[in-house]
Amino acid sequence: MENAWLIPLFPLLSFVFLLLFGRKLKEGSAYAGILLTLASLVFSVIVLVERMAAPASYKAEAVWLKIGELELTAGFEVNQLNALMLVIVSLVSFLVHTYSKGYMHGDDRFHVFYAYLGLFTFAMLGLVLSPNLLQTYIFWELVGVGSFLLIGFYYFKNEARAAAKKAFIMTRIGDVGLLIGMILLFWQVGSFEYDEIFAAVEAGSISGTMITLTAILIFIGAVGKSGQFPLHTWLPDAMEGPTPVSALIHAATMVAAGVYLVAATFPLFAASETAMMTVAIIGAFTAIFAASIGLAQTNIKRVLAYSTVSQLGYMMLALGSAGYVAGVFHLMTHAFFKALLFLAAGSVIHALHHKQNIEEMGGLWKKLPLTGPLFLMGTLAISGVPLFSGFFSKDEILIAVWAHGNYFLFILAVIAAFFTAFYMFRLFFMVFTGEARSPLGNVQESPATMTMPMVVLGVLAVVAGYVNTPWFGTFLGDWLVEGNEALGHGHIEGPAWIMIVATLVSLAGIFLAYLMYYKKSLARDWFTSRAPITYSIVRNKYFIDEFYNLSVVYATRSVSLFLRFIELFLVEGLMKLVAGVVSLLGKSGSRFQNGQIQTYGMAAFLGLAVLLLIFALTGGYIG
């Protein structure tokens, strides 16, 4: 564990190396990125195994800045949470690096893409290892820079440029909350260290009001990064980036950073019931809100994007309901099945020559013999079908919400689970079953560099849930909370009917999608024809973007135009007036500077005459 600091350095080395030599290596850049990310994965696995065997966490820091008696430190820490996250991030990143070799083949900026992947992976791994809030914030912002570069990779497209700017600006809004909360905690505790902050909370050194305020401010930062309502609109637009970027950002890295931050500071949240309820309410609302939008989307990547927003809401709901293990467990399983779904969607897009509208697809099951079954495995996992990983983690969340007494939020979570199963199988049936609804051209299965990462994720989408089940043992949960009572219990006991209800609800959503999109015994417009206004609202994402354009964007532009008017016509105009007067005086004075002594004498005489006149008029007194 003492060498864990090396893990982020491998992708950083990849970034620097490819910036210097990538142009010469061309598509050989992939091998540098893959090998160095593989090194991070190997080291991460070793660290995880060692942490599981070790009796306590490992922490190493050194003085970074000294201001008077204040010392700011930098270093790294290996605990249960970040040891698990290191493996998740490095594994998904390695698989995305491998997949990208086939997907990005032929791109003119191939080496640049791999350089950006290295920078982004370095930032996320550095964030995970950070032992204090200040260092976390530095890497937090670096993750934002990396996402900006990757989302806007196709910078020649207006949509990609707009999406990159939108993601950068909206996440900065949340980051302001994180920064203020961090400063307030430093003011109260005198340190950015997680350990010292948690000790101060436990000792009662911080007032309850301040704990609530700082926790909510930190949560605002997480809302931005994890796409929670109302700062969620950047996340679907981020689909303008290459599909491997979507898999990386939406599975285990950037959007997971917000959930990770709340989990990493969980003892702070747990000390405030108000903060916990805020997290739970926002999470539950985001889960059902995004799931309802996913019902009406027709772009394959946007359906998956809204499912990501919804699943992140589930994680926040779990954490806000004191289900620390449930939230982290779902973060892990979601990383695998969502990465699988995005990579499989990328395989479909690649095979269809970048066609993304599911209304134009169909009949791909036989034409894509690997992608189809793998996509189905990911769909079964996210829908919560028994024996798949998502079933176990989603069940843990529902039990945690019920046990915490959030019954209304429990109902919302169950409805969101029904929506999820329906829109995911709607997606599956429309893409892979039936007949093609438009000419598909020459459709071929993706190359091995793309399918092998999907196979690995497909296996994990099935087996990852078995590390924490009431049937075989709650190994993951018991280990995550070991030695820290503030994190709660490894497994929360709940009534057996919750598992039954969750299963029946998921199967009901699947069956409805089957009737409408496979058997077609139920008309697709059965609901939309009866409630066209509701459908229009959902199809247009509740007009949230339009509302922001008419309110925030319009107001910002109006203020900007007003300030520009002030600058151009008042400030700059006044400066030009002063400059003009000075210039006129200078030009007038220059006429007297002609070198003739009689002119100077006359000026002196006139000046003296004026002074004498003033002296006479004031009765001999001047001043």
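Let's start with accessibility: a residue is called buried under 20% relative accessible area, exposed over 50%, and partly exposed in between, using a 1.4 Å probe and protein chains only. What you're looking at is a predicted model, so local features need pLDDT of at least 70 and side-chain atom pairs count only at pLDDT 80 or more, while totals for chains, interfaces and linings use all residues. Residues are numbered from 1 along each chain as its sequence is written, and side-chain values use heavy atoms, with hydrogens and water left out.

Now for the rings. Phe, Tyr and Trp (its six-membered ring) pair if their centres lie within 6.5 Å; planes under 30 degrees apart are stacked, over 60 edge-to-face, and the rest tilted. That rule gives 40 aromatic pairs. One of them is F429 with Y518, a tilted pair with 5.7 Å from centre to centre and 40° between the planes. F429 sits in helix α18 (residues 407–432) and Y518 in helix α21 (residues 496–519), so this pair ties together parts 89 residues apart in sequence. Helices here are DSSP runs (H or I, at least four residues), numbered from the N terminus. F429 is buried, at 9% relative accessibility, whereas Y518, at 43%, is partly exposed. Both belong to a cluster linked by ring pairs, whose members include W365, F375 and Y514.

How values were computed:
Helix = DSSP H or I, 4+ residues; strand = E, 2+ residues; numbered from the N terminus.
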